[in-house]
Amino acid sequence: MAGIAVLCEVQGGEVSRGSIGVLEEAGRLGAALGVSVDAIVCGSGLDDAKLAALGGFGASTVRVADDALLASGIAQPVVDACATAQEAGGYRYWMAAASIMTADAMAGLSARLGAGIVIDAVELHAEGGALVTRRSGLGDSVLAHCGFVSAVGVVVTRANAFAATEGNGGTAPVERFAPTFRAWSQAVTLVGHEDAVETGPDISAADVLVAGGRGLGEASGFDQIEELATAFGGAVAATRAVVDAGWYPYSSQVGQTGKTVTPKLYVACGISGAIQHKVGMQGSGTIVAINKDKNAPIFDYADFGIVGDLNAIVPQLTALVKARG
Amino acid sequence: MRIAICVKEVPDPTAVKRIDDGSHRLVRSGENTLNPYDRHAIEAAVQIKEGPAPDTEITIVTMAPESAGRSVDRALAQGGDRSIHIADEAAAGSDLLGTARVLAAALKRESFDLILLGQQAADSECYVMAGLVAELLEVPCITQAASIELGDGSVTVKRQVETGYDTVKAQLPCVVSVSDAINDPRYPPLPAIMGAKRKPHEVVTLAELGIDASTVGAAGAATSVGGLSKPAGRGDTIVLEDDGTAAEQLLAFLVEKKVVA
């Protein structure tokens, strides 16, 4: 019996590494619960031979919905595909690695099925014959053990929570199915796409990152961020908000839709610390936060926080670091 | 144009937060405040009203204990015209699906063209409420909007995704959650704060919305919290207010931790 379905997202023609990490974790969970795991893949023009390789990461069957409506990265047609797969598969649990699309798709599926949803899960355990997740809370200071009362449970795992391996080289049978699309799911269309342009240095290799957010006030606020980064011998990072505002290039963006970084030191200046940012930098060695707003969530997961005016503190810090030579 | 904005009251981030050992719910006894991410949704609605659709009515919708009136007033002061406040003891302990059911029932009573939410709740870091509510309403959904443009019976949104920027168009009615990149919310002037109390406030119960109380609240929760544990990981956070020496203290800390040679 297939008890677990893992929504595996295709990005740029490849199944995402995050999805594969969750598929492997689901395989370990399924073994403990005595159920098998199916991979559910949605897209358009998909290559069955390539998808069969998901068998090497724990999938017993790869179930594929291939339709132009599933090519756009819009979540609601994917909800329809998952709901169709649920009718045939009768899964007890659905899970996906958090991304812009999958989080929305799992939310929609939860509502459609009347199934409970747990988001931001960082661990999956089999306890008493059922799945009990660990969901991080209160600025990661506590783990809530969240399970399900409903017949079906839906889980969105935190981005980067489960690292993918290289697999065992196995394959699984691929079965195609045709989703039943709802009218409202077709009322959203993708009308344009711009690829992100990669310019500037590769920040993922830097030992020290000095990051700027909306709290810098304006684009020129990055001048002092660059000076501090230079003093540390590091590089400059940015949040989605300032990249969207055009203050700094996309290639420097850290977070859910940017890069995942693990420098030895991460200095967050004027950054509130939304979860989309946190998932990209929480693996950093030492996290420093400088923000005038003492309510900023980033203080919950910084090692050293300073409440104050970054326009005063950053230049002082730059001078002190330079003075050490 | 009729715009509804779903807002949430959250504990003041400066208050010491804890989860009750018995109920495993967040203790909300301290000071509470309007979810800061919701302010971007209100600002987006106000900009629509100030710009392309001056006849817009902005309705603030929230599910919260009756004590949340101050946060509702805050949302009204920022630009709401009226509020619908679902206050019912039976709604306490609602999980994400239960909360979505309550909000959807309130939204279904009226015909809103556009339903806005902030990108996430500051307390639970929940970022899926838009997707839940849209599906229950059977309307299209766009999340993480970095800009919103109104068309004839449609809305066009630019959003950042993993591979770059998507432009997405949806027919109205539609649910849109806005990212914190969309705008810089203005603080309301004093007369707007004073005037908020005089705006129409509607306080409704679950029964008045036709909701079966056994499908929401703690009784109807589809998820359960069986226990709490301490994560391995970070030690204590040092947070200090800058008195002019914070940069020196930070550098000393980094040297002591051997992060800086």
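Start with the open sheet of 10 strands, selecting them in the order β11(A)-β5(A)-β4(A)-β1(A)-β6(A)-β10(A)-β7(A)-β8(A)-β9(A)-β12(B). Its pairing is mixed. Strands here are DSSP runs of E with at least two residues, helices are runs of H or I with at least four residues, and both are numbered from the N terminus. Two strands count as paired if DSSP finds at least two bridges between them. The edge strands, each pairing on one side only, are β11 (174-176) of chain A and β12 (223-229) of chain B. From one strand to the next the twist averages 35°.

The model is predicted: local features need pLDDT of at least 70, side-chain atom pairs count only at pLDDT 80 or more, and totals for chains, interfaces and linings use all residues. Residues are numbered from 1 along each chain as its sequence is written, while chains are lettered from A and ligands numbered from 1 in the order in which they are written.

Within the sheet, select β7 (residues 116-127) and β8 (residues 130-137) of chain A; these strands run antiparallel and are joined by six bridges. A:E127 has A:A130 as its bridge partner in β8(A).

Next, show helix α3 (residues 75-89) of chain A, which lies across β1 (2-8), β4 (36-43), β5 (61-66) and β6 (93-97) of chain A. This helix runs at about 145° to β4(A). Axes are lines fitted to C-alpha atoms, for helices over the stretch in contact, and angles run from 0 to 180 degrees between N-to-C directions.

Now select α4 (residues 100-113) of chain A and α4 (residues 129-137) of chain B, whose axes come within 7 Å and cross at roughly 45°. α4(A) and α4(B) are therefore oblique to each other (angles under 35 degrees count as roughly parallel, over 145 as roughly antiparallel, 65 to 115 as roughly perpendicular and the rest as oblique). To see the contact, display A:D104, A:A107, A:G108, A:S110, A:A111 and A:R112 of α4(A) with B:G131, B:L132, B:E135 and B:L136 of α4(B). Residues are in contact if their C-beta atoms, placed from the backbone, lie within 7 Å.

Finish at β17 (residues 304-307) of chain A, which pairs with β13(B) in the parallel sense over four bridges. There, A:I306 stands opposite B:L240.

Definitions and conventions:
Two residues are in contact if their C-beta atoms, placed from the backbone, lie within 7 Å.
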